Amino acid sequence: MKRLLSVVAAGVLLLDPGPGGKTGKGFQDGRTAGVELAFSKIVISGNGAKGGKSDGYQIKRPCWYEPGPDAGEMLKTQEDVRAYWFRTNPNGTEEEFEKFLKQFKDKIGQPGRWWTPAYNEADNRGRACWGGLDPFVWVPPGSTPPSGITLAELAEIARAALTVPEPTIKLNPDAKSYVNLPTWVWLDDLGETRRSVTAAIPGVMSATVTATLEDIKIDSGTDARRAEVRQQCGTGGRPYVKGGEFTCGVRYLRASVDQDRKVYVLTVTTVWPVEVEDNVVPFQYAPVQAQAQRDVPVGEVQSTVRP
């Protein structure tokens with residue numbers, strides 16, 4: 001607890017967290033949150049950071065140092081918390097406070113800046129990791145301290161904040177299909193098929209990841225003996241067109257009366273390959289995938305033979 005109080009008194013980010021903020025979120029709360037910034041200057045932006053669903057990608061390191069204020073800014077901040085310092089150190093003396101300030105005064109006129117810690121609150125290791133870091137580290141120009149954030153890690157944060165829309169399945173026929181009748185499949189109200197997220201430390205560095213919808217995959221909910229699947233769907237499936245060629249959907253070969261709940265469960269998966277723009281980091285991410293399901297009851301056409 002004593003260290004935490006000294007961090008509050010000495011660490012500018014605890015008093016003025018900046019764009020990320022104490023509970024700044026990459027995109028959402030909940031169990032699928034991939035990143036939730038705490039005490040961070042990182043700004044997350046882009047159409048892929050909202051309005052969709054995350055695949056739960058987690059960044060590898062739960063805490064890190066970020067570039068913070070220069071020597072003059074840091075000294076002013078610490079001088080401004082004099083009253084707070086004495087309130088949290090009731091037995092402290094003026095001499096002790098001046099000794100505390102000396103570490104900041106000694107850096108005036110020197111090239112470099114203070115780096116301060118931040119962490120990912122969506123990772124249950126984050127707060128403990130952050131608590132193990134020093135409240136501030138002086139770093140010369142062009143250097144990165146141990147545990148300092150890198151461009152690759154910034155790209156990871158952007159990737160963790162990336163969301164894609166959940167697909168909404170449209171079928172024709174819609175309410176019920178029949179044996180040997182083509183069931184056309186497409187997606188409704190898909191929105192933008194290119195989603196990007198930028199994670200940036202303003203004025204220092206940034207990384208952007210982009211996901212582009214490439215394909216959809218159809219799972220009929222049964223095997224090839226009971227269903228024929230057509231997978232030439234493009235990015236959004238094929239809306240039904242009277243007299244059109246059936247290239248995307250399912251032709252069920254047997255009725256669903258013997259299935260659980262008497263339906264087949266059709267699944268559509270959208271596939272979004274992910275790239276890091278400008279190749280700022282030398283690795284690739286696995287595609288983001290999103291799924292939706294529809295129950296498809298399949299009956300048999302009854303025919304009457306008359307003599």
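If you number the bonded cysteines of the protein chain in sequence order, the pairing is 1-2, 3-4. A disulfide here is a pair of cysteine sulfur atoms within 2.5 Å, and by this rule the count comes to 2 disulfides. Before I go through them: this is a predicted model, in which local features need pLDDT of at least 70 and side-chain atom pairs count only at pLDDT 80 or more, while totals for chains, interfaces and linings use all residues. Residues are numbered from 1 along each chain as its sequence is written, and side-chain values use heavy atoms, with hydrogens and water left out.

Now the disulfides. One of them joins Cys63 to Cys129, with 1.8 Å from S to S. The angle about that S-S bond is -55°, and the link of Cys63 and Cys129 is left-handed. Cys63 lies in strand S4 (residues 63–67) and Cys129 in helix H6, so the pair ties together parts that are 66 residues apart in sequence.

Cys63, at 3% relative accessibility, counts as buried. Cys129, at 24%, counts as partly exposed.

Cys233 and Cys248 also form a disulfide, with their sulfur atoms 2.1 Å apart. The torsion about their S-S bond is about 100°, so this disulfide is right-handed. Cys233 lies in the loop between S13 and S14, and Cys248 in strand S14, so the pair ties together parts that are 15 residues apart in sequence. Cys233 counts as buried at 1% relative accessibility, and Cys248 is buried with a relative accessible area of 0%.

That brings us to the sheet that holds S14. In what order do its strands stand? It is an open sheet of 4 strands, S7-S9-S14-S13, and the pairing is antiparallel. Two strands count as paired if DSSP finds at least two bridges between them. Strand S7 (169–172) and strand S13 (227–231) stand at the edges with a single partner strand each, so one side of each is left without a neighbour in the sheet. On average, neighbouring strands of this sheet are turned by 20° against each other, direction ignored. The axes behind that angle are lines fitted to C-alpha atoms, for helices over the stretch in contact, and angles run from 0 to 180 degrees between N-to-C directions.

Let me go along the sheet. S7 is joined to S9 by 4 bridges, and Ile169 stands opposite Leu187 in S9. S9 is joined to S14 by 3 bridges, and here Thr183 stands opposite Val250 in S14. Strand S14 (residues 248–252) and S13 are joined by 5 bridges; the bridge partner of Arg230 is Gly249 in S14. As for cover, 5 of the 6 residues of strand S9 (residues 182–187) are buried, so S9 is largely enclosed by the rest of the structure. One general point for reading a sheet: in a regular strand the side chains alternate between the two faces.

Next, the aromatic rings. Rings of Phe, Tyr and Trp (its six-membered ring) pair if their centres lie within 6.5 Å; planes under 30 degrees apart are stacked, over 60 edge-to-face, and the rest tilted. How many aromatic pairs does a search of the whole structure find? It finds 17. In one of them, the rings of Phe39 and Trp130 have centres 5.0 Å apart and planes at 25°, so the pair is stacked. Phe39 lies in the loop between strand S2 (36–38) and strand S3 (43–45), and Trp130 in helix H6 (residues 126–131), so the pair ties together parts that are 91 residues apart in sequence. Phe39 is buried at 7% relative accessibility, and Trp130 at 6%.

For Trp85 and Phe97, the ring centres are 5.3 Å apart and the planes at 55°, so that pair is tilted. Trp85 is in helix H4 (residues 82–88) and Phe97 in helix H5 (residues 94–105), 12 residues apart. Trp85 counts as buried at 9%, and Phe97 is buried at 0%. Both belong to a cluster linked by ring pairs, which includes Phe86, Phe100 and Trp114.

Last, helix H7 (residues 151–160). It is mostly covered, with 8 of its 10 residues buried. Among the buried ones are Glu153, Glu156 and Arg159.

Methods
Buried < 20%, exposed > 50% of the residue type's maximum accessible area, 1.4 Å probe, protein only. Helix = DSSP H or I, 4+ residues; strand = E, 2+ residues; numbered from the N terminus.
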